[in-house]
Amino acid sequence: MPVILRRFVTATQRTSIPLAQPSPSLFSRHVEPKLTFIFTHPLLYHRFISSSPAQNPQILTPQQQPQDPVSPHPTRTRTPLEKQFETWVQNLKPGFSPIQVEEALRAQSDPDLALDIFRWTAQQRNYKHNHLTYLTVIRILIDGKRYRHAETLVEEVIAGACEISVPLYNSIIRFCCGRKFLFNRAFDVYNKMLKSENCKPTLETYALLFNSLLRRFNKLNVSYVYLRAVRSMTKQMKASGVIPDTFVLNMIIKAYSKCLEVDEAIRVFHEMGLYGCEPNAYTYGYIAKGLCEKGRVGQGLKFYKEMRSKSLVPSGSTYMIVICSLAMERKYEDAIEVVFDMLDNSLNPDLLTYRTLLEGLCRDGRGDEAFTLLDEFRKRDGLMGEKTYKTLLNGLHFLHINGLPVSLLREIGNEFKLTAALLSIIAHFIEPISFMAAFQCNVMLMANVSAKSKGDVTELQIGVKHKPASCEIQAHKGDRIKVHYRGTLTDGTVFDSSFERGDPIQFELGSGQVIKGWDQGLLGMCVGEKRKLKIPSKLGYGDQGSPPTIPGGATLMFETELVEVLGKTPSAGKPKDSEL
């Protein structure tokens, strides 16, 4: 045993004296206190277990007490919250009822004080909280953001701490639906209400649960999971005789539309008259969006027009989905009409909606109409910024120039000089477009018009620039080969080269992995041999080209060198004479 601890025990056993018996006036109502001791060692224990000499006259007065190097601790001052708690406890008369406790709880502005009063009253004899006091304190705790304490009281109610009531259970369901990890608890309370005799779910109960489910319809695969719960609750609501209102029916329609179950949504829509409910803008909007997303654009447009005939204004998302769906179905006149209707109602389409409509017109050869519409939209859309306008304009110019036929550009290049052709075509657009748009148009025109007839060929031309003395290994159809190459246009522009990269291309000859000019022009080539291929557009990239490096209809020039023949693939057979 350590020396200090041994000295402490010895001093305690030798110097302790019993306390005097307490006064009968102080302890007459309490249990007989046990005999305690005071450690008289001044350095080990300096605090006495008594409040004052008046309460215990046998204890020495301060003048008689030995000098203690450490002074006694002063009495702690009560906080205002403690004083307020004592005041309310004193105001509750003996034999108070739950109604009086509820009034005391409602009068509290501090949720912690309300919870202290609630817990203190629960410990008193012959008193038990009812559903009113639980409902009041739970609401006070939720308003005060004391969610952990509210969760504890909710668990007590579910466990049967008080009788059940519809307002109490609806408040619990509302609280649980707002908490991420208590979502399932809300349905536990709902199932308990279904099994009860005098606490059946009401319209408010179903509205809370439907709303909570719809907040989780963020992804289509997740929506199908919760759609089963929506179907089940709808059947239970009808079986229990609860008459839904427009808000609840709209949530059911929204759930079906989100999952693209539009036929079910339309069925609920037609049942609204049976419950005395009138469809509103949200009703039509959910169905119109669901039909358009399902691909039934014509039927969705019909619901949109019916909604507008009743002077109902759709939401911005409904407008934009209808516009995009009509544009993708090439119903441009209807889409333009819906856009102007949206702008008349002070709603503004986003960039994607404008692009879908205008670029669709441009791809269908109605580029001039698209430019005119863009200017009209800019005048009527006060929120269309300069950046949005330039983005739309540049996209239209690019599509419009790219959509010109290659034959027309060739005729322009043959009839005039290249620079004159460029200036004549760009002159129509140069005033309203930015420098970047003009640059894009210039690049595309240069690429298309550069394929002039001067260097074009109609058949594959093969020239051998170098052939090794011995040709033991040749490339045949089905062989895997490695080839170095440098590709140029007829004007000498290099568009690709493996020589600079130092990495030859590897492919299977004759299997369509490269352009046809290569599959034909490299047959019978020896390892180390160098060939120059002049490939017409029909054996290259055709009229569409490979923008931005290879224009449409371009003749391609390749300098090639066979580096290695890796051997035939398992599917390749022996070479035929026609392949050499």
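This is a predicted model: local features need pLDDT of at least 70, side-chain atom pairs count only at pLDDT 80 or more; totals for chains, interfaces and linings use all residues.

Colleague: Which helices do the buried residues of α7 pack against?

Modeller: Helix α7 covers residues 147-158, and its buried residues are Ala150, Leu153, Val154, Val157 and Ile158. Seen down the axis of α7, these fall within an arc of 140°, so they line one face of the helix. The helices they pack against are α5, α6, α8 and α9.

Colleague: What residue follows α7, with a positive phi?

Modeller: Helix α7 has 12 residues and reaches 16 Å from its first C-alpha to its last. The residue that follows α7 has a phi near 100°, and its name is Gly160.

Colleague: How many residues apart are Glu333 and Arg366?

Modeller: These two form a salt bridge, with their closest N and O atoms 3.1 Å apart. Glu333 sits in helix α17, whereas Arg366 is in the loop between α18 and α19. The pair links distant parts of the chain, and the separation is 33 residues.

Colleague: Is Glu529 buried or exposed?

Modeller: Glu529 forms a salt bridge with Arg531, the closest N and O atoms being 2.9 Å apart. Arg531 has a relative accessible area of 9%, so it is buried. For Glu529 the relative accessible area is 1%, and as under 20% counts as buried, Glu529 is therefore buried.

Colleague: How many salt bridges does a search of the whole structure find?

Modeller: Some are linked in a network, which joins Lys238, Glu264, Arg267 and Glu271. Across the whole structure, the search finds 24.

Definitions and conventions
Residues are numbered from 1 along each chain as its sequence is written. Side-chain values use heavy atoms; hydrogens and water are left out. Helices (H or I, at least four residues) and strands (E, at least two) are DSSP runs, numbered from the N terminus. The expected span of a helix is 1.5 Å times one less than its number of residues. Buried means under 20% relative accessible area, exposed over 50%, partly exposed in between (1.4 Å probe, protein chains only). The arc is that of the directions from the helix axis to the C-beta atoms. Contact means heavy atoms within 4.5 Å. A salt bridge is a side-chain nitrogen of Lys or Arg within 4 Å of a carboxyl oxygen of Asp or Glu.
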